[in-house]
Amino acid sequence: MHFTIGAKILGVAVMLVALMIGLSIYSVITVDRIEDRLAVAADSLIPLVGKVAAIDAAALEQEIIFTRLLRSQGTSQASDLARATPDYLAQWQAYGTKVRSEIAAVRVQIAEFLRDDDHYEEALPLHIFDRRFADLEREYDDMAVLAERILTLEAENRSDIAEELIVVLEAEEAQFDRKLSEIREEAVALARNATARTAIQEHQARLSTLGLTAAGAALGLLIALAITRGIVRPVRQLLVGFENVEAGDLTIELSVKNRDEIGRLTAGFNHMVGEIRAKEEIKDTFGRYIDPRIVDKIIDQSDQSVMEGERRDMTIYFSDLSGFTRIGEMLTASALVRLLNAYFTKMSGGIREEGGIIDKFIGDAIMAYWGPPFVAQKDMAAAACRAALRNLAELEAFSTDVPEITGLRAQPPQLRCRIGLATGPVVVGNIGSDTNKNYTVMGDTVNLGARLEAANKDYGTQILVCAQTFHAAQTDLHFREIDLLAVKGKSEATAIYEPLGPIAATAPDKLELASRFGQALAAYRAQSWDEAETLFSKCLKIMPDDGPSKTFLTRIEQLRHDPLPNHWDGVWHMQHK
């Protein structure tokens, strides 16, 4: 049977009350027994001593009167005899009546005590006194008969026979007095013993009561302690469980030993941990397909913008592998999948560690974004640029593993990545059908990021960013302006830039190249072709493989032969996506 906490506490209280009641009953019974002993001593034995004394006194007075009767009958003066005899005889008879009445009263009192069930056990010693008083009563009657016989013989002047009977009477009187004295002494001893036993019993009762009280209190405390431990132990177990969950341990499962409120709470805790563990498993599973931060929002659903969508400024990231079609033709299907998985693992690490959200993988391309609520708006552009630079470095290190991954050790494919970054307003939200949704971003900024990724092919660069990205990140990184570009599908131009590295860690030759390239770009926009050509050529002396310098040198050669409109502003219109 299972009890609630309230029932357990009530049980402890009832048990303690029962112990108190038991002790009270024991005390009452003990006191009653002591009172019985005292009643026998006070109401029977002590009065018995008085009765014996009264009988003894009456018998002694009767003996004295009997002696006087004998003397009065032996006198020679007839007138004195006539006067004294009736008085002495009446007194003698009266004392005889008193002795008999006292003996009868004692026997009645003893009989009443023996009939009282409450005092019967304590009054058992009085049985012997009842028998003795019965014997005394018979002896006294015999003595009375003998005394009357003596008085009759004396009246008949048969003194010789009377003298013989007097000797017998005196012997019987001596025996009667002796027995009466013995009864008195025994009654006194019994009264004294009863009082002593009562005192001992009272002392024992006091000790027993104290001992039982202490034992009851100890038993109550032990039971209360056991019940308290039974309540406190699972509470402590719950506390440890919550601490473990707070520390991230979701494998804990508490044992449910009771079905009281704490047992139900423990079962609820296990259910809660199971739910959290299930959510974590969902997050871990879906985190392989969707960024865990988005999974958290979808599972939580407290942020309605996840479901309804909203417009925000974000930085969009697009990357692609150069010549991937040719690489795919070189590899088997399994080798191609291994290569892409290893490549995406490397690239994803840098994006996520810089706070970016990977939106999707499209073939060999990666689409990602930075922005609230995942990254602060003031940090998103710089974080995206750092991730792009980091991924280029990761790709260079990753190239050494390509032969092992693909199995093409003689002529392994060369991996080169192009990245485009664009910052601006986008619509973000959970977009899709009722059965298939994707938390993604869309808008012109997304298209611009994709176009800038493709524009790297025209400029021979690996990373290009738009003007808004540059302005947001220029306090954290060095850039060089590449061109004014109008991507396909848009008439409005944007300045495009190439990130060179962090402010404190950019190589000096890159900074010199950026400065010289800026001068060449200014001459180019001023249509000073010779000066621009000279300056771009100097850029190649600083960095012989600089793609943008080569691109502009080729473009200058073309523009020298093509007439330009009067309003030409240096904007280059991209003709492909």
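Reader: Is tryptophan 568 buried or exposed?

Author: In this predicted model, tryptophan 568 has a relative accessible area of 16%. Buried means under 20%, so tryptophan 568 is buried.

Reader: How is a pair of aromatic rings described?

Author: A pair of aromatic rings is described by the distance of the centres and the angle of the planes. The count here comes to 15 aromatic pairs. For phenylalanine 517 and phenylalanine 536, the ring centres are 5.3 Å apart and the planes stand at 65°, so this pair is edge-to-face.

Reader: Which parts of the chain does the pair of phenylalanine 517 and phenylalanine 536 link?

Author: Phenylalanine 517 belongs to helix H15 (residues 508-525) and phenylalanine 536 to helix H16 (residues 529-542), so the pair links distant parts of the chain, 19 residues apart. Phenylalanine 517 is buried, at 0% relative accessible area, and phenylalanine 536 is likewise buried, at 0%.

Reader: What kind of aromatic pair do tyrosine 524 and tryptophan 568 form?

Author: Tyrosine 524 and tryptophan 568 form an edge-to-face pair, with 5.6 Å from centre to centre and 80° between the planes. Tyrosine 524 is in helix H15, whereas tryptophan 568 is in the loop between helix H17 (547-561) and strand S9 (571-573), 44 residues apart. Tyrosine 524 is buried, with a relative accessible area of 0%.

Reader: Which residues do ring pairs link into a cluster?

Author: The cluster consists of Tyr459, Phe517, Tyr524, Trp529, Phe536, Phe552 and Trp568.

Reader: Which residue lies over the face of phenylalanine 517?

Author: Arginine 480 lies there, at 4.7 Å from the ring centre. Arginine 555 lies over the face of tryptophan 572, at 3.7 Å from the ring centre.

Terms used
Residues are numbered from 1 along each chain as its sequence is written. This is a predicted model: local features need pLDDT of at least 70, side-chain atom pairs count only at pLDDT 80 or more; totals for chains, interfaces and linings use all residues. Side-chain values use heavy atoms; hydrogens and water are left out. Rings of Phe, Tyr and Trp (its six-membered ring) pair if their centres lie within 6.5 Å; planes under 30 degrees apart count as stacked, over 60 as edge-to-face and the rest as tilted. Helices (H or I, at least four residues) and strands (E, at least two) are DSSP runs, numbered from the N terminus. Buried means under 20% relative accessible area, exposed over 50%, partly exposed in between (1.4 Å probe, protein chains only). A charge sits over a ring if NZ of Lys or CZ of Arg is within 6 Å of the ring centre and within 35 degrees of the ring normal.
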